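Welcome! Let's look together at how the parts of a protein model meet one another. Have the sequence and the 3D view ready.

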Amino acid sequence: GVLSHLEMLEAQAHELALKQEETEQQEEKLDRLKARVQELRLQRDELRAKVDLQQKRLLGKEGVVTSGVPGAAQPSDRAILEWKVKSVQAMLQVFYLTGISGKLTKHGVCFCISTAYEGTYLDSYHLDLITKPEVQIRRHSVPVFIPLEQLAKKYLQTDIRRFLSALSDHLNAYAGRRYQADQLQERFSDRLEGTLQRNSLCNMLVFNYNMSGKKQTFPFSAKLLYGDLCRSLPTEAIVSCTPGAPASLAERTAAHSDVFRRLALHKAFESFSSPEESLD
Amino acid sequence: MDETVAEYIRRTVLKIPRDEIRTMLQTWGFLSEAQLQTLNFHQTKDNVSQDVVQLCEDNSADIKQAAVLDIIYNHIYPNKRIWSVYQMNKTGEEMDFFDLTDFKKKFKRRLRSALKNVTINFREYEDNAIWIRIAWGTPYKKPNQYKTSYVVYHSQTPYVFISASVLRSTLPLLCQALVVASNYHDIREMELRSHCLNSLKDIVFKRYSQTFQTYYPKPLQERNVAPENVDLRIIQENRNEKERIQRVNREVFGDGPQPKLEFAQYKLETMFKSNPKMDVLDIKEPFRCLVKFSSPHLLESLKSLAPAGLADAPLSSLLTCIPQKARNYFKIRERKGFFPGSFVSP
């Protein structure tokens, strides 16, 4: 009856107490082990740091030894490697400066065409080609008004050197024409009436000008046509004078037309301000 | 001065932010500097616009001059309109010099021969961009200056940027006039639209930053060299993965800023592939669905997905091909062949 029930309860309580003790012991054990792991990790880090330090000291000693001994001309491997890297970089720089350089990629080649005009380096343009199954242009940064597709259709499959050379000619000529037009606007804006009219390819320029900046009128009117896209000098230079201008000025139009066809734009304008020209 | 012109000028001035009114009027050049001095720009915009209209009345402005002010406003704030890109084709190889006067004459003549009641204005800018503003009328009504289309064309390129007005019916006329004036044969609309005109130009003119593999040494910018005295107890478990993601991202997107697009839309006409027990699949038809990605700056957000851990690198080529293919509207159909997949229609 009641007593047996009480006994049972007592037994249960005892069991629970035992279990609780067990779990407490286990937790304690776990904590101890964790603390031990932390200790060991700290030790390991300290030892690692010591090893690193020792290695550095050893290397340092070696360095001192080799450079301290006079006459021992044994450059370390590292110095030789650095020299090799520098000379390769210089070689690649030379290739870049020639105007066309390339690098093999995992699906083909990537070419870089750099443009220049009379010693000034201008923009670079890139072409990413795949070579299998046939040569195709994957991506490029060539401006849209350069006839890239036409050149590719003609030469890309058959003669890639010719393709690159033709493209380089187009890009360099465009860069040269644009450079001349920019120079004219920057340096001789006082001799131009307003801005000069140009187009995307810079192959047609129209402007009114005078020969020295002091005058207020712009008696001359020029239209330069660059018929050959691979050249940076005009194929046609139409110069005219306003109707009411004095005859002395009107006579010069032929000479100006000739100068524009021979010299770069900014050089042409420089020649206009030379002593022989300003004799009016 | 015409009532409609006065009202048009008044409304155009009201659109301009207060700080910009003076500069824009100066660029316009229709009012003299002395007249501009008499204006008080600190009063309410309503009053400023009334004063400007009064001055224009004194100078007898007509609709052509008012239209120029509108072009100037739209040139400075092009992002208020949606722009579409059109591509023109020509079969010949002749190089033409592009005579601007010839272009303008041909355009006006062609457009006017189809519809007499139009107001056409041109304005050229330093970057070889030609802006054309057209206000449309009907055969029996004068041009409505509030229903305008804008065209931006760079000479000697096959691309035209058009911001059409609500009158889509006038588009064929406009396209034909452009083709004739620029000596091309035909024109088609590309699947490329955005509010940001300069970004559209960057994409088709290939002015955005692409990475090309070259030997030319570029300055090493973002190589984060970890400082030597970092706490040894902090270990970056997936440093290799992080670096791989950065490298792949840089190869795909380049180092510079991305062109600004607001959305990319994919129309899927592919078969639904899933658990065969679902009833939906009994119908052997393509499952049509439309996926649209919107963002204030879509390409920048795509670029930051992988480094932020939100997507695997490399991203799907459907997303990364957008600037390269110059399109942000795609149709994806089932690829018929040995390997089931999807292919993008041209």
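What follows is a short tour of two interfaces, one inside a chain and one between chains.

This is a predicted model, in which local features need pLDDT of at least 70, side-chain atom pairs count only at pLDDT 80 or more, and totals for chains, interfaces and linings use all residues. Residues are numbered from 1 along each chain as its sequence is written, chains are lettered from A and ligands numbered from 1 in the order in which they are written, and side-chain values use heavy atoms, with hydrogens and water left out.

**Inside chain A**

Chain A has a domain 1 (95–175) and a domain 2 (190–273), with bounds taken from an automatic or database domain assignment. Their centres, taken over C-alpha atoms, lie 33 Å apart. Nine residues from domain 1 of chain A and nine from domain 2 of chain A make the contact, where contact means heavy atoms within 4.5 Å.

How much area do the two domains of chain A bury between them? About 800 Å², with 65% of it on carbon and sulfur atoms. Buried area here is the accessible area (1.4 Å probe) that two parts lose on being put together, summed over both. On the domain 1 side, Tyr117(A), Phe145(A) and Ala173(A) supply 50% of the area buried against domain 2, more than any other three residues.

The rule finds one salt bridge across this domain interface.

**Between chains B and A**

Now step back to the two chains. Here 29 residues of chain B touch 33 residues of chain A, and the area buried between the chains is about 2,700 Å², 58% of it from carbon and sulfur atoms. Phe97(B), Phe212(B) and Tyr215(B) supply 24% of what chain B buries against chain A, more than any other three residues.

One salt bridge is found across the interface of chain B and chain A. By class, the side of chain B that touches chain A has twelve nonpolar, eleven polar and six charged residues. In this scheme Ala, Val, Leu, Ile, Met, Phe, Trp, Tyr, Cys and Pro are nonpolar, Asp, Glu, Lys and Arg are charged, and the others, Gly among them, are polar.

**Salt bridges by residue**

A salt bridge is a side-chain nitrogen of Lys or Arg within 4 Å of a carboxyl oxygen of Asp or Glu.

| Residue | Partner | N to O distance |
|---|---|---|
| Glu118(A) | Lys267(A) | 2.8 Å |
| Lys223(A) | Asp99(B) | 3.9 Å |
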